[in-house]
Amino acid sequence: MAAFNLTLSDPSTFILMGIPGLEAAHIWISIPFSMSYIIGLLGNFTVLFVVYKEQTLHKPMYLLLCMLALTDIGMSTSIVPKALCIFWFNLKGITVGGCFTQMFFLHAVSVMKSAVLVTMSFDRYIAICSPLRYATILTNTRVAKLGLVGLMRAVLYALPMPLLLRRLPFCANRIIPHTYCEHIAVAKISCGDITVNRMYGLVLGFVFIGSDLTLIALSYGLIIRAVLRISSKGAHQKALSTCTAHICVILMSYASNLFSNLTHRFGQGIAPHVHIILANLYFFVPPMLNPIIYGVKTQELREKLGKYTCRR
């Protein structure tokens, strides 16, 4: 307790409380957290390893899958180790610089992941609607350039957040009721005016997420129109099956992300522990399930993975 009070009075430190109201259950909550994190790391690193080793998988689709795996690893690694330190060892202190760094990576990786999902929907659109031109439109070099643009966009989105927080005064209350440094959660403990922070997070968040969702919806609208023009039922099923994995990943990612953003701003009636648990799901459930979904639904990847599994 003395160490906690010392940390609390330190102006260079914030306190992450974990899940308020469920402190007694932190050890039990850490079990699904840690298991999901380990499974996610194993699955995503397996995807990276198989694609790297197999020359036949050096294609735009699998390059995008590797980008998705890297963003999933980055997202979960940004918060789960610190959350486990809170749950297991009661190490709740985090420096202001460490908090702002975590915040930057969380938001940058989230926006980068959204850009990857948009590019993957474009990839599926070209593969189904213009299969003969696929190899000329989507090359590995072009996909790498799109990834670089997505990374630059993510950095430009996330960089102002810690800069906006640095201008705010933080008084006696330095306790963040969360497992990680989320932008609005940190801004709320300030004793200054956080209107600019609220507006930036809300407007820019919806601009980026809204534009990405619009592009994804447009891609799948064109895909559905192209599929309906195909007379063969077998061709219908084959075309749609190539999109199933991507649709599942989109639903998981955007639903949890939108819920977290909206409840931070408008969810006063939601119990804090419910909001925090559901907000954390975004960072460790999709990274755990994405490699499983793609491993099951993508035949070529499944066959290559089976080759290494059988060899072992």
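Reader: Is Glu 54 buried or exposed, and at what relative accessibility?

Author: This is a predicted model. Glu 54 counts as buried because its relative accessibility is 7%, under the 20% limit for that class. The residue lies in the loop between H2 and H3.

Reader: With which residues is Glu 54 in contact, leaving aside its neighbours within four places in sequence?

Author: With those neighbours set aside, Glu 54 is in contact with Lys 304, Lys 307 and Tyr 308. With Lys 304 there is a salt bridge between the side chains, at 3.7 Å from N to O. This pair links distant parts of the chain, 250 residues apart: Lys 304 belongs to helix H12 (residues 299-311), while Glu 54 sits in the loop between helix H2 (26-53) and helix H3 (60-89).

Reader: How many salt bridges does the structure hold?

Author: The structure holds five salt bridges. One of them joins the side chains of Arg 124 and Asp 123, at 2.7 Å from N to O. Both Arg 124 and Asp 123 are buried.

Reader: Which residue forms a salt bridge with Arg 153?

Author: The partner of Arg 153 is Asp 212, with the closest N and O atoms 2.8 Å apart. Distant parts of the chain are linked here, since Asp 212 is in helix H9 (residues 195-228) and Arg 153 in helix H6 (residues 140-158), 59 residues apart. Asp 212 has a relative accessible area of 3% and is therefore buried.

Reader: Let us turn to the cysteines. How many disulfides does the structure hold?

Author: A disulfide is a covalent bond between the sulfur atoms of two cysteines. The structure holds two disulfides. In sequence order of the bonded cysteines, the pairing is 1-3, 2-4.

Reader: Which cysteine forms a disulfide with Cys 99, and is that link left-handed or right-handed?

Author: Cys 99 forms a disulfide with Cys 181, the sulfur atoms being 2.1 Å apart. The link of Cys 99 and Cys 181 is left-handed, with -125° about the S-S bond. Cys 99 is in helix H4, and Cys 181 is in the loop between strand S3 (175-176) and helix H8 (183-188), so the pair links distant parts of the chain, 82 residues apart. Cys 99 and Cys 181 are both buried.

Reader: Why is the disulfide of Cys 171 and Cys 191 described as right-handed?

Author: A disulfide joins Cys 171 to Cys 191, with an S to S distance of 1.8 Å. The torsion about the S-S bond of these two residues is about 70°, so this disulfide is right-handed. The pair links the loop between helix H7 (160-166) and S3, which holds Cys 171, to the loop between H8 and H9, which holds Cys 191, 20 residues apart. Cys 171 counts as partly exposed at 44% relative accessibility, and Cys 191 counts as partly exposed at 43%.

Reader: How many residues are in the largest nonpolar core?

Author: In soluble globular proteins, nonpolar side chains tend to be buried together. The largest nonpolar core here has 85 residues, and Phe 14, Ile 176 and Val 186 have the most contacts inside it. Helix H4 (residues 96-129) contributes the largest share of this core, 16 residues. Leaving aside neighbours within four places in sequence, Val 186 is in contact with residues including Phe 14, Phe 100, Phe 170 and Ile 176. Ring pairs link Phe 14, Phe 100 and Phe 170 into a cluster.

Reader: How many aromatic pairs does a search of the whole structure find?

Author: A pair of aromatic rings is described by the distance of the centres and the angle of the planes. The search finds 11 aromatic pairs. Among them, Phe 33 and Phe 87 are edge-to-face, at 5.3 Å centre to centre with 85° between the planes. Phe 33 is in helix H2 and Phe 87 in helix H3, 54 residues apart. Both Phe 33 and Phe 87 are buried.

Technical notes:
Residues are numbered from 1 along each chain as its sequence is written. This is a predicted model: local features need pLDDT of at least 70, side-chain atom pairs count only at pLDDT 80 or more; totals for chains, interfaces and linings use all residues. Side-chain values use heavy atoms; hydrogens and water are left out. A nonpolar core is a set of buried Ala, Val, Leu, Ile, Met, Phe, Trp, Tyr and Cys residues joined through side-chain atoms within 4.5 Å. Buried means under 20% relative accessible area, exposed over 50%, partly exposed in between (1.4 Å probe, protein chains only). Helices (H or I, at least four residues) and strands (E, at least two) are DSSP runs, numbered from the N terminus. Contact means heavy atoms within 4.5 Å. A salt bridge is a side-chain nitrogen of Lys or Arg within 4 Å of a carboxyl oxygen of Asp or Glu. A disulfide is a pair of cysteine sulfur atoms within 2.5 Å. Rings of Phe, Tyr and Trp (its six-membered ring) pair if their centres lie within 6.5 Å; planes under 30 degrees apart count as stacked, over 60 as edge-to-face and the rest as tilted.
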